[in-house]
Amino acid sequence: MVQKYQSPVRVYKHPFELVMTAYERRFPTCHLIPMFVNSDVVNEETSEDGATHRIERRCALDVDAPRLLKRIAGVDYVYFNQKNTLNRKERTLIIESHNETFSNRVVVNETCCYSVSIFKLCWYTKDPFGVHVVVF
């Protein structure tokens, strides 16, 4: 069974650089997002001119499920891999993520792009390309 989800494009009235600074501060953990337990940097690259920054992380989430269900499933946390590509010249952030936990049963791929709004240069747009779920 294959399912796809496409959320609507959202425009936020905040400068792109401010949002990117706030986004980067959530790693490796953020007390404001208690379900986001941890993240480890797997790979990190920066272009010579510093305009492009690519970082890959392995992240852990504490899912809201009863302890008994977690024991039956054999997991305490749900792990996923995330690749972020920040292009400061084009003012874009592309996020690609996929699940690691239960990947032999379910494959979840998510992609979204943060960019400067076409309506006003001091706003930004979150354009989710979509979530693609495959259940075996």
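## Fold and aromatic cluster of a predicted model

The protein chain contains 2 helices and 8 strands (DSSP runs numbered from the N terminus, helices being H or I of at least four residues and strands E of at least two). The model is predicted, so local features need pLDDT of at least 70 and side-chain atom pairs count only at pLDDT 80 or more, while totals for chains, interfaces and linings use all residues. Residues are numbered from 1 along each chain as its sequence is written, and side-chain values use heavy atoms, with hydrogens and water left out.

From the N terminus, the order of elements is β-β-α-β-β-α-β-β-β-β. Of the 136 residues in the protein chain, 30% are buried (under 20% relative accessible area, with exposed over 50% and partly exposed in between; 1.4 Å probe, protein chains only). Among contacts (heavy atoms within 4.5 Å) with a separation of 6 or more, 46% join residues 24 or more positions apart.

Strand β4 (residues 52-61) pairs with strand β3 (residues 36-46) and also with strand β5 (residues 78-87); pairing requires that DSSP finds at least two bridges between the strands.

A hairpin is formed by β3 and β4, with 5 residues between them, and Gly 50 in its turn has a positive phi of about 80°.

Helix α1 (residues 16-24) has Phe 16, Val 19, Met 20 and Tyr 23 as its buried residues. These residues lie on the same side of α1 because they cover an arc of only 100° around the axis, the arc being that of the directions from the helix axis to the C-beta atoms.

The structure holds 3 aromatic pairs (ring centres of Phe, Tyr or Trp, the latter by its six-membered ring, within 6.5 Å; planes under 30 degrees apart are stacked, over 60 edge-to-face, the rest tilted). Tyr 23 and Phe 27 form an edge-to-face pair, 5.4 Å centre to centre with 75° between the planes. Tyr 23 counts as buried because its relative accessibility is 10%. The rings of Tyr 23 and Tyr 114 are tilted, since their centres are 6.3 Å apart and their planes at 45°. Tyr 23 lies in helix α1 and Tyr 114 in strand β7 (residues 106-116), so this pair ties together parts 91 residues apart in sequence. Ring pairs link Tyr 23, Phe 27, Phe 36 and Tyr 114 into a cluster.

The charged end of Arg 57 sits over the ring of Phe 27, 3.6 Å from its centre (CZ of Arg or NZ of Lys within 6 Å of the ring centre and within 35 degrees of the ring normal).
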